[in-house]
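Visitor: I have a structure open here and would like to go through it. Can we start with the helices and move on from there?

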Amino acid sequence: MTDTALLPAVTDFLSSPRRLLIDGELRDAADGRTFATIDPATEETITQVAQAGVEDADRAVAAARRAFEHGSPWSRFTPRQRGRLLWRVADLLEEHADEFAHLEALDGGKPFAGARDGDVATAAELFRYFAGWANKIEGTTIPLSSETSQFLAYTVREPIGVVAGIVPWNFPLTMAAFKIVPAITVGNTVVLKPAEQTPLSALRLGELLLEAGLPAGVVNVLPGFGDAGAALVDHPDVDKVAFTGSTEVGKKIAAAASRNLKKVSLELGGKAPNVVFDDADLAKAIPGSAHAAFFNQGQCCVNGSRLYVQRGVFDEVVAGIAEIARGIRVGSAFDERTDMGPLISDEQFAKVTGYLEAGVAEGATVAEGGVRVGDRGYFVRPTVFTDVSEQMSIQTDEIFGPVVTAVPFDTEEEAIALANNTRYGLAAGVWSRDIGTAHRVGGRLRAGTVWLNSWHADDVTLPRGGYKESGWGRELGSFGVEDYTELKTVIAEL
């Protein structure tokens, strides 16, 4: 499997095939199928995982429905009890932080320190933040204008019911927490389908939730492929689908959910523009733009993959980012010197290297990178393209790898037009010493998150989501809480 020295707890966890979590129990798939989860650094099998199918989805949804219904142990949890449980999970995550970081490094190729201090720490913070929301789900009283009778009118927020959470492979533990935590904060139940490339941390999180005292059936975990996800989306007893992933799959989910009009929230693809003006503080803008482009091996939907630089500083900015790219150490997730790990899979490796070849074929120039690293594992050099037109596939498509395209511009209006020339609208950024320019341009960029003189600054209190084909709804913050509730109006004649 790997020659990495793993924690005994991780070795024990991987020593036998991992099973589905349904109704508080670890179970084999109904048809006995399993699949291999692969270490992207070595291309070797880590362990076998039960492969959920349609029958397993039915069983998990039935368990979630029983756990949600009136009179169940979960329905009798008070908001204060839910908050205390969430806090306990956060404590357990921190207690097992190295274990989860090992699983993320093995399964997803993330550098170990970044997985522990980033992904695991963020997941714990999500549980703590939403623990504070559990007893603050409030309604309002609204005056009713009747001249003949007296009424009391008020609103209450209630849980939606059974939530199907379908998450991607780029931040497996964090994305699982994104779906599970706000849903159970307000009293919903969840069936989670982790990505088939990275099922391990979600399965371990499911065990931790039970250890913290979550009743059986409240959270169920179904590793598997598209058939399991489709079964959840189509299921008549699922009340909401919360999905993070590609725009193409998001469209299919929206279409399928329309058959019974279940609630849907979607965080989808991105092709974020990063605009650098010639008055920017280049000592910050250059490393900040490199971080925007190459964070998480470039496998992040809000990465600044389209770089627009005012012509007067274009060469300096491109040279600076190329120099940073040359200095990025690509290697094993368990080597403390590693800055960038492998891409997630052979499929993603083929996709990214295909775009590298397409960029050159379409006439772009490789300023740095453009090649794989080594002959084993899915490693790619961080890449900078210049001489890029707006029609090239590397400029229009979400590559989801460590690839940035650099294009010069002359005027503010031109920069805004270029930045908004995309079907996506998840994130954008502006660099300028003139705060008026930064806010003015940022205000005109059509994106759900706009960074000014920074990138990837984030907090669990902030809503995230996209414009245009980057999705529906918002996650996290108070907005994320409300997205997992139904709003009921009650009118009583006095």
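Visitor: How many residues does helix 11 have, and how far does it reach from its first C-alpha to its last?
Guide: This is a predicted model. In it, helix 11 (residues 314-327) has 14 residues and reaches 20 Å between those end atoms, close to the 20 Å expected at 1.5 Å a residue.

Visitor: Which residues in helix 11 are buried?
Guide: Phe314, Val317, Val318, Gly320, Ile321, Ala322 and Ala325 are buried.

Visitor: And what covers the buried residues of helix 11?
Guide: The cover includes helix 10 and several strands, among them strand 11 (273-276), strand 13 (365-368) and strand 15 (403-409).

Visitor: Helix 10, then. What should its 13 residues span, and how far apart are its end C-alpha atoms?
Guide: They should span 18 Å at 1.5 Å a residue, and the end C-alpha atoms are 18 Å apart, so the two agree. Buried residues in helix 10 include Leu282, Ile286, Ser289 and Phe294. What covers the buried residues of helix 10 includes helix 11, strand 12 and strand 16 (427-431).

Visitor: What happens just after helix 10?
Guide: Asn296 takes a positive phi there, of about 55 degrees. Further along, Asn303 lies in the loop between helix 10 (282-294) and strand 12 (306-310).

Visitor: Is Asn303 buried or exposed?
Guide: Buried, with a relative accessible area of 4%. The cut-off for buried is under 20%, so Asn303 qualifies.

Visitor: What does the side chain of Asn303 make a polar contact with?
Guide: The side chain of His456, at 2.9 Å. Leaving out residues up to four places away in sequence, Asn303 also touches Trp455, Ala272 and Gly298, among others.

Visitor: New topic. How many disulfides does the structure hold?
Guide: The structure holds 0 disulfides. Cys300 is in none, and the nearest cysteine sulfur, that of Cys301, is 5.2 Å away.

Visitor: What about the domains? Which ones does the assignment give?
Guide: The domain assignment of the protein gives domain 1 (8-268 + 471-491) and domain 2 (273-452). Their C-alpha centres lie 31 Å apart. At the contact between them, 26 residues of domain 1 meet 26 residues of domain 2.

Visitor: Which residues touch the most other members in the largest nonpolar core?
Guide: Leu14, Leu93, Phe127, Ile184, Leu205 and Val219, out of 73 residues in that core. Helix 6 (residues 172-185) gives the most to this core, with 9 residues. The core draws at least three residues from each of domain 1 and domain 2.

Visitor: Why would such residues be buried together?
Guide: In soluble globular proteins, nonpolar side chains tend to be buried together.

Visitor: Last one: where does Val241 lie?
Guide: Val241 lies in strand 9 (residues 240-244). Val241 is buried, with a relative accessible area of 0%. Apart from neighbours within four places in sequence, Val241 is in contact with residues including Ala164, Ile166, Ile253 and Val264.

Visitor: How far is the C-alpha of Val241 from that of Leu192?
Guide: The two are separated by 10.0 Å, while Val241 and Leu192 are 49 residues apart along the chain.

Definitions and conventions:
Residues numbered from 1 in each chain as written. Predicted model: local features only at pLDDT ≥ 70, side-chain atom pairs only at ≥ 80, totals over all residues. Heavy atoms only, no water. Disulfide = S-S within 2.5 Å. Core = buried A, V, L, I, M, F, W, Y, C linked by side-chain atoms within 4.5 Å. Buried < 20%, exposed > 50% of the residue type's maximum accessible area, 1.4 Å probe, protein only. Helix = DSSP H or I, 4+ residues; strand = E, 2+ residues; numbered from the N terminus. Domains from an automatic or database assignment. Polar contact = N/O pair within 3.5 Å; in protein donor to acceptor, adjacent residues only side chain to side chain. Contact = heavy atoms within 4.5 Å. Expected span 1.5 Å × (residues − 1).
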